Amino acid sequence: MSRSVLAGILLAAGASTRMGPDRNKLLEPVAGRPMLAWPVTALAEAGVAPIVVVTGFERAAVAEAVSALACECIACPDWREGMGVSLAQGARALIGREVTGVVVCMGDLPGLRGEHVAPLVAAFEAASSPDSIVVATHEGRRGHPVVFGAAHLGALAGLTGDRGGRDLVEAAGERLIEVEIDSDAILRDVDRPEDLDGWIGNA
């Protein structure tokens with residue numbers, strides 16, 4: 001396999017129900033930027049392109065939050081059905097494009113940076129296989145992003161419900177590559193107001 005052309009899927013469709021009424025966590029300010037802008041920027045810094053942002057809840061506001069960044073937003077009409085449906089929507093948008101894999105990332109990782117994504121890209125390129133799956137880990141815990149080789153794109157496009165790509169990861173066997181990242185940013189997603197405490201004002 002020649003040098004990878006990795007696309008990105010940013011999952012940004014959820015309703016942030018645990019954040020409380022009238023709050024969309026992805027739009028919450030972190031160091032002067034909407035939270036969602038940080039993981040989008042991290043993927044771009046690592047050379048991931050194109051980047052597809054899957055929207056649902058408050059899709060117009062979410063799209064506006066990243067309108068100045070190198071990404072494209074697509075709406076998922078059935079976003080309420082769960083993460084798997086949103087991921088499938090993103091994967092279908094990439095079928096037919098000349099990509100060797102896809103980097104799947106959550107939109108609520110304000111600490112994620114290009115330096116955390118780059119080792120995953122390098123590991124995927126070194127594996128040189130469309131069947132590979134590369135997962136970020138920190139102190140034995142798996143986080144995001146996850147890189148799926150192009151051979152898995154059809155399976156991702158067929159996902160339903162709220163399961164996401166976890167079953168593919170768990171079934172990967174020897175094709176799974178775990179890359180230790182020296183930062184808990186790959187684990188620190190934001191669900192509740194208290195999760196924001198460490199991020200407000202700095203990232």
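1. Start with helix α4, residues 114-127, in this predicted model.

2. Seven strands make up an open sheet with mixed pairing. Their order is β5-β4-β1-β6-β8-β7-β9. At the edges are β5 and β9 (176-180), and each of these pairs on one side only. Direction ignored, neighbouring strands of the sheet are turned by 25° against each other on average.

3. Look now at one pairing within the sheet. In general, strands pair through backbone hydrogen bonds, either parallel or antiparallel. Here β1 and β6 run parallel, joined by six bridges. Leu11 has Met106 in β6 standing opposite.

4. Then helix α3. It covers residues 83-94, twelve residues in total. From first C-alpha to last, α3 reaches 17 Å. That is close to the 16 Å expected at 1.5 Å a residue.

5. Which residues of α3 are buried? They are Gly84, Val85, Ser86, Leu87, Ala88, Gly90, Ala91 and Leu94. What covers them includes four strands, β1 (6-12), β4 (51-55), β5 (72-75) and β6 (101-106). Helix α5 (153-157) is also part of that cover.

6. Last, the residue to check after the helix. Gly96 follows α3, and its phi is positive, near 95°.

Notes: Residues are numbered from 1 along each chain as its sequence is written. This is a predicted model: local features need pLDDT of at least 70, side-chain atom pairs count only at pLDDT 80 or more; totals for chains, interfaces and linings use all residues. Side-chain values use heavy atoms; hydrogens and water are left out. Helices (H or I, at least four residues) and strands (E, at least two) are DSSP runs, numbered from the N terminus. The expected span of a helix is 1.5 Å times one less than its number of residues. Buried means under 20% relative accessible area, exposed over 50%, partly exposed in between (1.4 Å probe, protein chains only). Contact means heavy atoms within 4.5 Å. Two strands pair if DSSP finds at least two bridges between them. Axes are lines fitted to C-alpha atoms, for helices over the stretch in contact, and angles run from 0 to 180 degrees between N-to-C directions.
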